[in-house]
Amino acid sequence: MAHTQSSTLEESRERSPTGRRSFWGALAQNGTYNAATGVLFKTQRRQFLLLASFPLIWVFVAHLGPIIQMFWISFLDSYPPRVGYEPQFTLDNWATFFGQSIFVTPFIRTLVYAFTFTFATLLITYPVAYFLAKHVKRQNQLIFLLLLLIPFWVGEIVRTYAIMILLGNTGALNRLLMMLGMIERPIPFMYTSFSLGVGIVYLTSLYMLLPLYSALEKIPRSYLEAGADLGAGAWTRFRRITLPLSKEGIASGCTLVFLISTGYYATPVLLGGPSTTVFAETIAGFFHVAGDQWPTGAAFSSIMLIAALSITGIFLKLMGRSGKGLMK
């Protein structure tokens, strides 16, 4: 009798409110389904690989796929494909960069700009992140973060035009300086390294702020209090406690800002001038002209990617070593 009641209860659970057996109930009793799931989920390793396969496929197809394709195109003598012609393998596209100094100048300028703007962004956003993490009440931190995120709700082009309005000859900055009597005529801020730097720092500050805030917010206040009890001054506590413990945020933020700065195109076009041409503009020029220039552009893109990743790897290695030294 008890067995009959339990069987009836199990069948009622497998039935939908309309009285029909549910799909999932029928699937759970299917032998092929049980065998397949038993093989796929037999071990935790298999479960992890199954769950990770979808994001990994997305990363390889949507992210690494175009990069690999670009790298391959850089070794072809013709692209896009033409009817009746088979592209040939060549190294001339890479040799073009190393054989003409006109291309090396914007490449070096881009790296110098990226270093300078990254350092400037770090100096500007670190105090903001520190104040937000250590001097704002925890329940109010989210509100302050949302206020800081408001300008980033619009696109890159809109924010770049905002910088143009700010720094123009009739912009807010020149008007303010003239109102204060500091200048008699507008200062030509636009189309210079200064305007380009202001734009890049403004556009990338969020990528520096969030990692810094995350790292600083995790530092226990008891560490700083213990340092103060042992007689350490404010500067000593910052140098020996806060700075070493926030090095992961510094490394992450600097890496993001540096990589983004090397690839910006629209902002340098709008804010820069003839003397501030960056490598991204040089690369774009090969894709905007007719003829077999795409392989050269792909080669130049690969060169910048390899250089940026190499510099980032060296920086992260040095950050790891310097962090250990600061903790001693």
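**Entry 1: the cores.** I kept in mind that this is a predicted model. I started with the largest nonpolar core and found 18 residues in it. L122, L212 and I250 have the most contacts inside that core. Next I looked up which elements give it two or more residues, and they are helix 6 (101–134), helix 10 (193–217) and helix 13 (247–263). Then I picked I250 and listed what it touches, skipping residues up to four places away in sequence: L122, Y126, L212, L243 and M319. There's also a second, separate core of 17 residues, and W94, A114, F279 and I283 are among them.

**Entry 2: S302.** Is S302 buried or exposed? Its relative accessibility is 1%, so S302 counts as buried, the cut-off being under 20%. I found S302 in helix 16, which runs over residues 294–327. Apart from its neighbours within four places in sequence, S302 is in contact with M70, F71, S74 and W94. I'd already met W94 in the second core.

**Entry 3: the cavity.** How many cavities of 30 Å³ or more does the structure hold? I got 1. The largest cavity has a volume of about 70 Å³. Its lining is made of T110, Y113, A114, F117, L196, I200, S261, Y264, P268 and V278. Helix 6 gives the largest share of that lining, 4 residues, and helix 10 also supplies at least two. I sorted the lining by type and got 8 nonpolar residues, 2 polar and no charged.

Methods:
Residues are numbered from 1 along each chain as its sequence is written. This is a predicted model: local features need pLDDT of at least 70, side-chain atom pairs count only at pLDDT 80 or more; totals for chains, interfaces and linings use all residues. Side-chain values use heavy atoms; hydrogens and water are left out. A nonpolar core is a set of buried Ala, Val, Leu, Ile, Met, Phe, Trp, Tyr and Cys residues joined through side-chain atoms within 4.5 Å. Buried means under 20% relative accessible area, exposed over 50%, partly exposed in between (1.4 Å probe, protein chains only). Contact means heavy atoms within 4.5 Å. On a 1 Å grid over the protein atoms alone, a cavity is a set of points where a 1.4 Å probe fits but cannot get out, and a pocket is an open set with protein on both sides within 12 Å along at least five of seven lines; lining residues have an atom within 4 Å of a point. Grid points are joined across faces, edges and corners, and a volume is the space filled by probe spheres set on the points. Ala, Val, Leu, Ile, Met, Phe, Trp, Tyr, Cys and Pro count as nonpolar, Asp, Glu, Lys and Arg as charged, and the others, Gly among them, as polar.
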